[in-house]
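Colleague: Could you take me through this entry, one topic at a time, and let each reply end on the value or name I ask for?

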Amino acid sequence: MHPILKFVAQRIALGLVLLLAASVLIFAGTQILPGDVAQSILGQSATETALANLRAELGLNEPVVSRYFAWLGGALQGDLGTALTNGQDIADAMSRRLGNTLFLAGWAALISVPLAIILGLIAVRYNGRWPDRLISAVTLATVSVPEFLLGYIVMFYLAVQFRWFPSVSTVYDGMTLGAKLNAIALPVMVLVMVVLGHMMRMTRAAILNVMQSAYVETAELKGLRPFTIIWKHAFPNAIAPVVNVVMLNMAYLVVGVVVVEVVFVYPGMGQYLVDHVAKRDVPVVQACGLVFAAIYIGFNILADVIAIVANPRLRHPR
Amino acid sequence: MNDDEIVPVSHVAEGETLLEITGLRIEATAYPPGEPPQEIVIVDGVSLSLKKGKVLGLIGESGAGKSTIGLSSMAYGRGGVRLTAGDIVLNGQEIRAAGPGVLRRLRGKVVTYVAQSAAASFNPSRKLMDQVIETTVAARGVSRSQAEARAVTLFRKLGLPDPERIGKRYPHQVSGGQLQRVMTAMALCPEPELVIFDEPTTALDVTTQIDVLAAIKEAIADTGVAALYITHDLAVVAQVSDEIMVLRHGKMVEHGTTDQIINAPRENYTRDLVSVRSIDHEEKAPVGETVLKVEGITARYSGLKRDILSDVSVALHPGQTLAVVGESGSGKSTLARVITGLLPPSAGKVTFSGRELSPALNGRSRDDLRELQMIYQMADVAMNPRQTVKTIIGRPLEFYFGMKGKQRDARVAELLEEIELGQGFADRYPAELSGGQKQRVCIARALAAEPKVIICDEVTSALDPLVADGILKLLLKLQREEDVAYLFITHDIATVRAIADSIAVMYQGKVQRYGPKSEVLAPPFDAYTDLLLSSVPEMRLGWLEEVVENRRMESAGH
Amino acid sequence: MMRIPLSALIGLILTSVYFLAAIFAGWLAPYGMAEVVGDVWEPSSAEHWLGTDSIGRDLLTRMIYGGQITIFVATAATILSFVTGSILGFTAAVAGGWVDQALSRMVDLIMSIPALIFALVVLSVMPVTMPVLIAVMGLIESTRVFRLSRAVAADIVVMDYVEAARLRGEGSAWVIFREILPNALSPLVAEAGLRFIFMVLFISTLSFLGLGVQPPLADWGGIVKENKEGIVYGIAAALYPAVAIATLAISVNLVADWILNRTTSLKGGRG
């Protein structure tokens, strides 16, 4: 087997182990901690009988380990259980919301990734001069600003004052694509601003690192045209770090989406998770946590695999 | 696309001037922390001229501006350096203020460059052949197959193994010495008029250096190209250049033929450079009991499959110097780690002043530790940057002798005098010292413990030759005064000649040859010692040819 | 005397203003925290500089007390994350071997779940009180501190001067406190600034989502939540606390940046 396949297989296996461990952590986080789920659902005034009934209903009297395996076995078959609050099937309720979230995050990625790379390149091109400094100042600002502030600022001006977009992002089946895009314009805008700063700064650092390497100087001393230098000598070595940056920020986007959905009352995973945390609906919280962790770990695996594949030392071993 | 037009191979006939630099001034902007930016002059008023087919050596210590001058012949300023005044005329054309189009036609075609670190200078994600023939194909209008054929010819000429196929490899698949030759081939492939060699052998082991040097010299002669050869090592440059220019602090000190510079230097600074490493040291005969005895040491790092040291035995007498000499990977620094207790050996024992030392550090008494001190190669990282010189030297006094306050400060002052630094240095931080001064403070720290033995691990190899010379003289003086013994680890035979009483030559983890200096350095030699000794550049003309002619053993082919 | 760059100076001044306001909130606030003093969402006036909130409380008063809570929770969580993270990080670096492996893998695992999601999962079963919030945030963030302090210490442990100290026979106390710590301090101080910002954003986000500081108390995030309905009617009350969060974060960031720059220039500096 080619060594690179071995590395990739190892990394994916490691990722799956990590996901498994994460599922243990999520389960343990909701089961072993000193809170009593039944108590917190029913409140302090609940009678002892009611509590006992609920505990039995939730299977809380079973040993923790067997509950975990029952939960994990179900999750692997697509059965995430039913919500405590309304008895709905979680997988059903989640599938449409997950689609909505991916739609929102996908558009945010589609806009932010090229924009971040282009701005990162501009910052490198004018390294140390005013466009670079402007970009790093904006980055500092966006990194320090909470997502909900950005959300309410754009809502306050673009939706309320100028009435360009709706202030609440309602999407439902049967909407045209244009109408959907109009509905998510503001949340997409906020998400782009949230990830742009990080992505731009990291892209700039990655490309700068390559441009300052000795082999790029060699290419300059060969009298190659700037385009050739970038295309043949800088670009192949910059792919891996830049893709890595993009992937890490996609993982970051997954989290940013939670707050943005709440701000714009968007029917996605984030909203679903937050609602059910407030209602202490543990099965839903577990399921959402697992899905978010899986996506996050997935992006991290992808970033590492791309870095492995793009490394000439691993691709062409001695 | 005027970049792609065919550049005539030569405008200039043999013996005519190819490069003429007059009154060159190079400046840069420095940004000292917490202060406003300052303009600094790196090169000032340097003039030189180079005829076709000739080699000019540029020599000087670090900071002399030699690389900067070399790159100026391509009108290139590295790291924001600006060529602010003077004329650079190449092939009759002024290039200092030339536009980017003109420079592109020049660089990589008419003038090419060989860097010190070929390993960093090759693009890691492209095959060597693609990089070697890149400008040849683009600018000379040569077909790819013709260019490859020329590259293979050059690979063969430069003595690379498997010249037909080495071009298909990636940079990381080739060793450092080979990569340096591939880079030379890359520079010669487009049939340039001028090649700039910027310390091309400095990073290589001494036995590898000689092969690369011989290959470069032959390639220069065969192709009739002119060259600027930049190095800090006068003995190396003497082998390859027709003329030598000595530089210091960005100014010319002396310029003459190689013969004149080596044999009849006019300036004091040049005389110092020529006579460096000519310390006279009488070998002392072994007397009395050994102070340090290493017997049958075998050691390896955990996780490694082979021994780094196998069955090493050497001994050191009081007040004397044992030089342990070898190339990278010979195990000489590992020997120091075993002796100090950082790496417990798998077999063998270390005896110190008649008592057997515990193999591991934490089993040794405070006196064992005190009497065996160590000085490191990189003085920079051997001192805590947050401690003043007073704390650094004072700590062993406090720790071993319980000295405090005035008594300690007085002793620190004494030690500073001994290492030829004034008392004013006591309150400085390491960052405020020069390289040589740092190493002196490290010596004082070792002396403060009043040791019987000091292990010196490559203590002069990071320093400029004249500074290194000063350190060696200081060490010899201290040995006379304090009667301390040195275990001196080095890769540099010249240093060994200067200070050793006895020598151990190490090769692949074994002691190859061991005895008093006069015996070890006298024939008959074993094959490796012969190779090692003969590879050390000597400061005379024609040395390189003699050695290549007379060698018995090939170097490891690095 | 060192020259302080303008940006760092602005950062220092703003940061001190916020901290002083938090400490002296009781003296500074014109009205009571929960006191209803006017109509719903009154515009700003001489009596109410920032107007009133969704149920007629003085917004400036709420902001001052909210700042106190935000800064208190963030500071406490930062201290907790630093104490836990740096002690474990240094231990891992100095001890090496299986101790390092076990701690590092554990941290990898916790960091494989996004911090906010992990906090939400835990808060779904824990009572949402201030000590619980501080503990949850501090422990989750201690993983980041662990990574940094382990990396910084691991870089220093291999330095020749640490080896020299060991060869001299110095004990671990001297090695850790005299050789390693002075060289690790500046990056850790800068990191403390960044962690504090992150804690401010973290607690604000949790409160905004309704899962942080619970009414009648409110931190800045909570005040945003209380007044967010106003946005749709063109009332900017929710923006003030949000702007306060952002300016506090930016000022601390400016200070941290300056400290970090000073450190790197110290390292590279040659006299």
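**Around one aspartate of chain B**

Modeller: Leaving aside neighbours within four places in sequence, B:Asp368 is in contact with B:Phe352 and B:Leu357. Please keep in mind throughout that this is a predicted model.

Colleague: Is B:Asp368 buried, exposed or partly exposed?

Modeller: The residue is found in helix H13 of chain B, which covers residues 366-371. A residue is called buried if 20 or more other C-beta atoms lie within 10 Å of its own and exposed if 12 or fewer do. Because B:Asp368 has 17 C-beta neighbours inside 10 Å, it counts as partly exposed.

Colleague: What separates the C-alpha atoms of B:Asp368 and B:Ser461?

Modeller: Along the chain these two residues are 93 residues apart.

Colleague: Turning to the sheets, which strands are the edge strands of the open sheet of 6 strands in chain B?

Modeller: The order of this sheet is E16-E17-E18-E13-E19-E20, with mixed pairing, and its neighbouring strands are turned by 15 degrees against each other on average, direction ignored. An edge strand pairs on one side only, and in this sheet that holds for strand E16 (372-375) and strand E20 (510-516) of chain B.

Colleague: Within that sheet, which residue is the bridge partner of B:Asp457 in E18(B)?

Modeller: Strand E17, residues 453-457 of chain B, pairs with strand E18, residues 485-490, in the parallel sense over 5 bridges. In E18(B), B:Asp457 has as its bridge partner B:Ile489.

Colleague: At about what angle does helix H12 of chain B run to E17(B)?

Modeller: Helix H12, residues 332-340 of chain B, lies across several strands, namely E13 (321-325), E16, E17, E18 and E19 (502-507). Relative to E17(B), the helix runs at about 150 degrees.

Colleague: And in the open sheet of 4 strands, which residue of E14(B) is the bridge partner of B:Glu295?

Modeller: This sheet of chain B has the order E12-E11-E14-E15 with antiparallel pairing, and its edge strands are E12 (309-316) and E15 (355-356). Strand E11 (292-299) and strand E14 (347-352) run antiparallel and are joined by 5 bridges. The bridge partner of B:Glu295 in E14(B) is B:Lys349.

Colleague: Which helices give two or more residues to the side of domain 1 of chain B that touches domain 2?

Modeller: Chain B is divided into domain 1 (53-77 + 95-274) and domain 2 (292-522), whose C-alpha centres lie 37 Å apart. The contact takes 8 residues from domain 1 and 6 residues from domain 2, and by class the domain 1 side has 2 nonpolar, 3 polar and 3 charged residues. The elements giving two or more residues to that side are helix H8 (206-223) and helix H11 (268-275) of chain B.

Colleague: Between the chains, which element gives the largest share of the side of chain A that touches chain B?

Modeller: The contact takes 16 residues from chain A and 24 residues from chain B, and the chain A side divides into 6 nonpolar, 6 polar and 4 charged residues. Two or more residues come from each of helix H9 (214-221), helix H10 (226-263) and helix H13 (312-315) of chain A. The largest share, 4 residues, comes from H9(A).

Methods: Residues numbered from 1 in each chain as written. Chains lettered and ligands numbered in written order. Predicted model: local features only at pLDDT ≥ 70, side-chain atom pairs only at ≥ 80, totals over all residues. Pairing = 2+ DSSP bridges. Axes fitted to C-alpha atoms, helices over the stretch in contact; angles between N-to-C directions. Contact = placed C-beta atoms within 7 Å. Nonpolar A, V, L, I, M, F, W, Y, C, P; charged D, E, K, R; others polar. Domains from an automatic or database assignment.
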